[in-house]
Amino acid sequence: NILYLGLFRFPEGDAAASRILNNARLFRDLGHTVKILSFGGEYRVQDASPGGYIYDGLQYEITHDIDTHSLKERVLRYTYPNPNARNYLNKSIDSFDVIITYNTTFPMNLYLQKLCTKHGKRIVLDLTEWPDSNEMPGGKWSPIYWMSELNMKYVQRKFKNMIPISHFLNEFYSNCNTLLLPPLVDISDAKWNYFKTIDLAEVNHFEGIRIIFAGTPAKKDLLENLIQAMLQVLKDCNRIQLLVAGVSNNQALQYCTKSDLSKFKNNIIFLGRVPQAFVPSLYHISDFSAIIREPSRKNTAGFPTKMAESMAAGCPVLLNRTGDLGNFAVDGTNSIYIEDFHIESIKKGLLQILAMTKEQINIMKQAARKTGELKFYYRQYLREGEQFLKNRAYLKESNLFLNKIR
């Protein structure tokens, strides 16, 4: 029995939920029972059953620990975090053989290590990021940043079973029993095979080249650079369109002027928040997606979920080389590489795409889909997952030998 828990909003609240879902599918298909304990999110009415809430055959429970933002909750986040989840664990720990924890914080990791050692449970860390100081109030001088660094460099080294998302993290925790998993999808899911119609005139009647940026943009995504490059291209050519899913028209003013929005209303379209089930269809009708990121420790340690989603939907990627992307993106086959993340390089990449024929793009779209099937389909990792669960490991702070998974 496996309990998968952490800082995500299952089943469809954020990109992290997709990570949890497909990793859980992998372990489920290996014959294990997996329950999800989500620290945030909302129950779906259609998932209700006599046995609780079930999504794609996986039972889940939501503690709502990260859904409130009161002063008390913010203080507890760094002193006694996730009290509802802790209460659940204290009562139910003996029902599980393995605890998989997703990106939990310094104090929560200390608690989990102590709890799992006491009860002889195997603990696994699913790790997808290394936070930067500029994400935190006070930057490098912030106690929160110090706790994060302490967590990454020391506390998590006591976890002897790890599911890293990148080679960078895999090598940093090389003393562990590891299962290296990029973002995964279920390529057999209907949303990757039966695409929805886009009911938007500016989209349906456009016959040029279409680029898509999908997802709520963070600093690392450099959306402004992409938009500024688009605006430069549009000065001489209106045969290109950018769809931005995850940004509203009001938020668009952070990236371009009101006059630009008006002038190029058919070329740069902000769709606002889009349901997760609809995103594959947006990729499908696009010629390329864009992943432009500045090389940094954070981007080297992480791996964008949108890469897996784009490939699964048969949409090649315009990107600069960061982290593990070079292990999946082949220039001229399923992707177009640009020199760096600066506006001029992005512009050159867009012009390169504009020079391609529809036939050339269709060949690349087919190659992207093939990459999705071979590299991002969760069932391609069943053998590695099985070996990972068979391997035994010690917790560093304990002489207690952890029982093999049942």
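These are my notebook entries on one predicted model.

**Ground rules.** I number residues from 1 along each chain as its sequence is written, and side-chain values use heavy atoms, with hydrogens and water left out. For this predicted model, local features need pLDDT of at least 70 and side-chain atom pairs count only at pLDDT 80 or more, while totals for chains, interfaces and linings use all residues.

**Overall fold.** I counted 15 helices and 15 strands in the protein chain. Helices (H or I, at least four residues) and strands (E, at least two) are DSSP runs, numbered from the N terminus. I then checked the radius of gyration, taken over C-alpha atoms. The chain has 22 Å, in agreement with the value near 22 Å for a compact globule of 406 residues. That rule is 2.2 Å times the number of residues to the power 0.38. Along the principal axes, the C-alpha atoms fill a box of roughly 70 × 45 × 40 Å.

Buried means under 20% relative accessible area, exposed over 50%, and partly exposed in between (1.4 Å probe, protein chains only). Next I looked at contacts, meaning heavy atoms within 4.5 Å. Of those between residues at least 6 apart in sequence, 72% join residues at least 24 apart.

**Cysteines.** I searched the whole structure for disulfides (cysteine sulfur pairs within 2.5 Å). The search finds zero. Cys315 is in no disulfide either, and its nearest cysteine sulfur, that of Cys237, is 18 Å away. I note that Cys315 is buried at 0% relative accessible area, whereas Cys237 is partly exposed at 22%.

Most residues other than glycine have a negative phi, and most peptide bonds are trans. I looked for exceptions. The peptide bond from Phe10 to Pro11 is cis, with omega near 10°. Pro11 sits in the loop between strand 1 (2-9) and helix 1 (15-29).

Asp56 is not a glycine, yet has a positive phi of about 50°. I place Asp56 in the loop between strand 4 (52-55) and strand 5 (58-62). Asp56 is partly exposed, at 36% relative accessible area.

His64 also has a positive phi, near 65°. His64 lies in the loop between strand 5 and helix 2 (71-79). Is His64 buried or partly exposed? I have His64 as partly exposed, at 34% relative accessibility.
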